[in-house]
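Student: Could we go through this protein together? I would like to learn how to read its structure.
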Amino acid sequence: MNTSTIDIGYLALAAGYLLLIIPILLILYYRVKLLKSMLVSILRMTVQLLLVGFYLQFIFQLNLWWLNLLWLLVMAGAADLSIIHSAGVTVRKFALPLFVAVLAGTAVPLAFFLSVILQLPYLFEAQYFIPIAGMIMGNCLRASIIGLSDFYRSIYQEEKAYQLLLAQGANLQEAVLPYARRAYHAALNPTIASMATIGLVALPGMMTGIIMGGASPMTAIKYQIAIMIAIFVGTALTVLLSIRLTRRGSFTAYGTLDPAIFTEKPA
């Protein structure tokens with residue numbers, strides 16, 4: 001088995017952009033208003049990944065615990081702002097609790113993965129610490145957007161039903177429970193569905209990358225099983241903390257939802 005990964009030259013990578021002709025032609029033919037956003041997204045993806053690639057090479061060479069930890073905090077901050085923007089809530093009320101939720105939801109399964117499953121003598125080993133943290137946090141981000149949006153928008157859109165629960169004597173914890181339960185289901189369901197079909201419908205990125213790196217397929221499969229468990233635990237914890245930690249500043253003293261938490265009123 002070849003134990004080295006074939007490198008992609010910059011000219012060959014540039015040639016890969018020719019594939020974009022297909023979706024561009026389809027967008028133009030059907031007059032879908034996505035061309036500008038698609039081009040901007042591809043440009044941002046390219047610039048961001050190249051910059052991160054150069055920076056990660058630097059981090060991997062130094063392999064300092066505090067620098068690796070700092071990068072984790074930077075990723076958590078970026079995820080925090082992304083969740084806030086996508087969920088349509090205000091930075092002032094949500095920035096700190098969401099940052100804590102994302103960081104805790106990533107750190108707990110990450111520490112277990114590195115210490116118990118991989119049994120690394122140095123837990124901040126950049127080769128493992130940064131990519132695994134990124135995979136866990138990326139999934140936590142997506143789940144939090146779904147869960148947070150579903151929770152607060154459902155309460156806003158069903159205001160009369162929610163207020164009826166309060167009028168019947170329910171406290172805040174009891175009144176929000178049906179909405180939290182529904183939001184939790186919506187946030188976790190995609191990950192559960194992905195786990196149920198993994199390996200049959202598609203080969204996931206981590207497994208493919210390890211195989212292309214020269215490892216045996218069975219080694220790649222064991223890594224993938226472990227990371228999927230870590231991702232699911234991380235998303236479950238992050239969604240729970242996102243709702244619980246942001247709830248305190250999102251309701252009035254009477255238990256009603258404060259509409260000022262939204263940057264735009266939900267439809």
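Tutor: Let us begin with a definition: helices (H or I, at least four residues) and strands (E, at least two) are DSSP runs, numbered from the N terminus. Please also keep in mind that this is a predicted model.

Student: What is the phi of Q119 like?

Tutor: Q119 has a positive phi of about 55°, although Q119 is not a glycine. Most residues other than glycine have a negative phi.

Student: And is Q119 buried or exposed?

Tutor: Q119 counts as exposed, because its relative accessibility is 59% and the cut-off for exposed is over 50%.

Student: What about R31, where is that one?

Tutor: R31 is placed in the loop between α2 (21-30) and α3 (35-62). Its phi is near 55°, a positive value in a residue other than glycine. With a relative accessibility of 74%, R31 counts as exposed.

Student: Let me step back. How many helices and strands does the protein have?

Tutor: There are ten helices and zero strands. Read from the N terminus, the elements run α-α-α-α-α-α-α-α-α-α.

Student: What are the overall dimensions of the box that the C-alpha atoms fill?

Tutor: Taken along the principal axes, the C-alpha atoms fill a box of roughly 70 × 55 × 35 Å. Of the 267 residues in the protein, 34% are buried. Among contacts between residues at least 6 apart in sequence, 74% join residues at least 24 apart.

Student: Which domains does the assignment give?

Tutor: The domain assignment gives domain 1 (7-62) and domain 2 (63-261). The C-alpha centres of these two domains lie 26 Å apart.

Student: How many residues of each domain are in contact with the other?

Tutor: Eight residues of domain 1 are in contact with nine residues of domain 2. Together the two domains bury about 700 Å², with 78% of that area on carbon and sulfur atoms.

Student: How many salt bridges does the rule count in the protein, then?

Tutor: The count comes to two salt bridges. In one of them, K93 pairs with D258, and the closest N and O atoms are 3.9 Å apart. K93 is in helix α5 (residues 91-117) and D258 in the segment after α10 (217-247), so this pair links distant parts of the chain, 165 residues apart.

Student: Is K93 exposed, buried or partly exposed?

Tutor: K93 counts as partly exposed, at 24% relative accessibility.

Student: And which residue forms a salt bridge with E158?

Tutor: E158 forms a salt bridge with R182, with the closest N and O atoms 3.1 Å apart. E158 lies in the loop between α6 (126-157) and α7 (159-167), whereas R182 lies in helix α8 (residues 172-197), so the pair ties together parts that are 24 residues apart in sequence. E158 is partly exposed, with a relative accessible area of 31%. R182 is also partly exposed, with a relative accessible area of 37%.

Student: New topic: where does M206 lie, and what does it touch?

Tutor: M206 lies in helix α9 (residues 205-212). Not counting residues up to four places away in sequence, M206 touches M135, Y223, Q224 and I227. M206 is buried, because its relative accessible area is 14% and the cut-off for buried is under 20%.

Technical notes. Residues numbered from 1 in each chain as written. Predicted model: local features only at pLDDT ≥ 70, side-chain atom pairs only at ≥ 80, totals over all residues. Heavy atoms only, no water. Domains from an automatic or database assignment. Contact = heavy atoms within 4.5 Å. Buried area = accessible area lost by both parts, 1.4 Å probe. Buried < 20%, exposed > 50% of the residue type's maximum accessible area, 1.4 Å probe, protein only. Salt bridge = Lys/Arg side-chain N within 4 Å of Asp/Glu carboxyl O.
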